[in-house]
Amino acid sequence: MRYSEQFMEHIEYAFHAFCKIVLRHEAMNVWREVLLLYYFVGYRDEAIGRLYGRCRGSINRRRNVALKQLRKEWERMEHEE
């Protein structure tokens, strides 16, 4: 069975959109793990970096970005109540 070119373009677009969502959620999970390791387990950026194959500066920056996102999410949830 042959599909039209337009249909195949739609399928490719939908697949790429799905992949982006999956990757974004997986990245958020990794950075939540970084927050847990830093604040609750007591690991430093260097140790976390070794676990994930990243440099200390990258871990520090992403941890701060993840904290900022977490604060925004928390504020949004407070306003909904």
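This is a predicted model: local features need pLDDT of at least 70, side-chain atom pairs count only at pLDDT 80 or more; totals for chains, interfaces and linings use all residues.
Leaving out residues up to four places away in sequence, Asp 45 touches Tyr 38, Arg 56, Ile 59, Asn 60 and Arg 63. Asp 45 belongs to helix α2, which spans residues 45-52, and it counts as buried because its relative accessibility, 6%, falls below the 20% limit.

Within α2, the buried residues are Asp 45, Ile 48 and Gly 49. Viewed down the axis of α2, these buried residues fall within an arc of 105°, and they therefore line one face of the helix. Arg 50 and Leu 51, by contrast, are exposed on the other side of α2. The helix is followed by Gly 53, a residue whose phi is positive, near 70°.

The largest nonpolar core comprises 9 residues, namely Trp 31, Val 34, Leu 35, Leu 37, Tyr 38, Ile 48, Ile 59, Ala 66 and Leu 67. At least two residues of this core are supplied by each of α1 (5-41) and α3 (56-80), and the largest share, 5 residues, comes from α1. Tyr 38 and Ile 59, both members of this core, are also among the residues that Asp 45 touches, while Ile 48, another core member, is one of the buried residues of α2. For Leu 35, which likewise belongs to the core, the contacts beyond its neighbours within four places in sequence are with Phe 40, Arg 63, Ala 66, Leu 67 and Leu 70.

Technical notes: Residues are numbered from 1 along each chain as its sequence is written. Side-chain values use heavy atoms; hydrogens and water are left out. Helices (H or I, at least four residues) and strands (E, at least two) are DSSP runs, numbered from the N terminus. Buried means under 20% relative accessible area, exposed over 50%, partly exposed in between (1.4 Å probe, protein chains only). Contact means heavy atoms within 4.5 Å. A nonpolar core is a set of buried Ala, Val, Leu, Ile, Met, Phe, Trp, Tyr and Cys residues joined through side-chain atoms within 4.5 Å. The arc is that of the directions from the helix axis to the C-beta atoms.
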